[in-house]
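Visitor: I've got a chain on my screen and a few things I'd like to ask about it. Could you walk me through it?

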Amino acid sequence: MPASRIATLGSVAADIRKIVGQVSPKLTPGNRILVRGQVDSMESAFSRLTLGLIFAAVFVYLLMVVNFQDFLDPLVVILALPGAACGIITMLFVTGTTLSVPSLMGAIMSIGVASANSILLVTFARDQSLAGKSPVEAAIAAGSTRLRPVLMTAAAMIVGMLPMAIGGAGEEQNAVLARAVIGGLLFGTGTTLLVVPYLYVLLRRLGRRAQAQ
């Protein structure tokens with residue numbers, strides 16, 4: 001059966017809510033229909049995982065601010081995270097996979113790897129800038145030096161997740177997690193190698209202009 005035709009808890013809950021929305025106006029005053037069961041647990045897990053992801057990004061940013069003693073360089077890492085999120089959404093859409101708790105767990109994993117790779121690149125670029133290089137030269141040196149480690153980390157994780165992403169009978173839950181990880185790493189790695197150096201140069205120039213004024 002194709003993945004797009006598989007009835008998930010989220011799709012069933014959406015259909016039930018449509019029916020409830022149609023029936024509710026016909027109820028007599030004082031009566032109402034409430035949806036209970038595993039749907040509440042699923043929505044609670046969604047909200048907690050989303051909130052945890054937001055807090056994790058904030059805490060990582062604050063930790064980098066303390067480490068770098070600067071507000072702009074950590075911002076480069078945070079601005080690169082939407083690239084991984086776009087990859088997750090794209091992969092789930094292409095494979096016909098619904099958003100679920102396992103996919104959110106995979107999203108957290110892939111965003112963590114993407115942020116770690118971005119931190120490595122920004123740290124090296126910052127060291128090059130402190131050594132006297134211009135922002136452009138520092139970004140190019142960081143991208144060329146960290147190219148192999150970033151690609152090896154992403155490739156190893158993607159290859160390891162491929163068998164799980166293909167899935168089989170009874171392995172749908174693990175397949176969802178693996179697809180989210182692969183999508184996030186594919187886009188997140190490209191963002192780390194191409195967008196992060198550009199953002200680093202851009203924010204460095206903005207910072208210098210602000211100091212000059």
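Visitor: How do the residues lining the second largest pocket divide into nonpolar, polar and charged?

Guide: Quick ground rules: this is a predicted model, where local features need pLDDT of at least 70, side-chain atom pairs count only at pLDDT 80 or more, and totals for chains, interfaces and linings use all residues. Residues are numbered from 1 along each chain as its sequence is written, and side-chain values use heavy atoms, with hydrogens and water left out. Ala, Val, Leu, Ile, Met, Phe, Trp, Tyr, Cys and Pro count as nonpolar, Asp, Glu, Lys and Arg as charged, and the others, Gly among them, as polar. On that scheme the lining of the second largest pocket divides into 18 nonpolar, five polar and no charged.

Visitor: Which element gives the largest share of the lining of that second largest pocket?

Guide: A pocket here is an open set of points on a 1 Å grid over the protein atoms alone, where a 1.4 Å probe fits, with protein on both sides within 12 Å along at least five of seven lines; lining residues have an atom within 4 Å of a point. The second largest pocket is lined by 23 residues, with Leu-53, Ile-54, Ala-107, Ile-108 and Ile-111 nearest its centre. Helix 2 (38–68), helix 3 and helix 4 (101–130) each give two or more residues to that lining. The largest share, eight residues, comes from helix 2.

Visitor: How far apart are the end C-alpha atoms of helix 2?

Guide: Helices are DSSP runs (H or I, at least four residues), numbered from the N terminus. The expected span is 1.5 Å times one less than the number of residues. With 31 residues, helix 2 should therefore span 45 Å, and that agrees with its end C-alpha atoms being apart by 44 Å.

Visitor: Is Thr-191 buried or exposed?

Guide: Thr-191 sits in helix 7 (residues 172–212). Leaving out residues up to four places away in sequence, Thr-191 touches Ala-80, Gly-83 and Val-196, where contact means heavy atoms within 4.5 Å. Buried means under 20% relative accessible area, exposed over 50%, partly exposed in between (1.4 Å probe, protein chains only). Because its relative accessibility is 11%, Thr-191 counts as buried.

Visitor: What radius of gyration does the protein chain have?

Guide: The radius is taken over C-alpha atoms, and the globule rule is 2.2 Å times the number of residues to the power 0.38. A compact globule of 213 residues would come out near 17 Å, but the protein chain has 22 Å.
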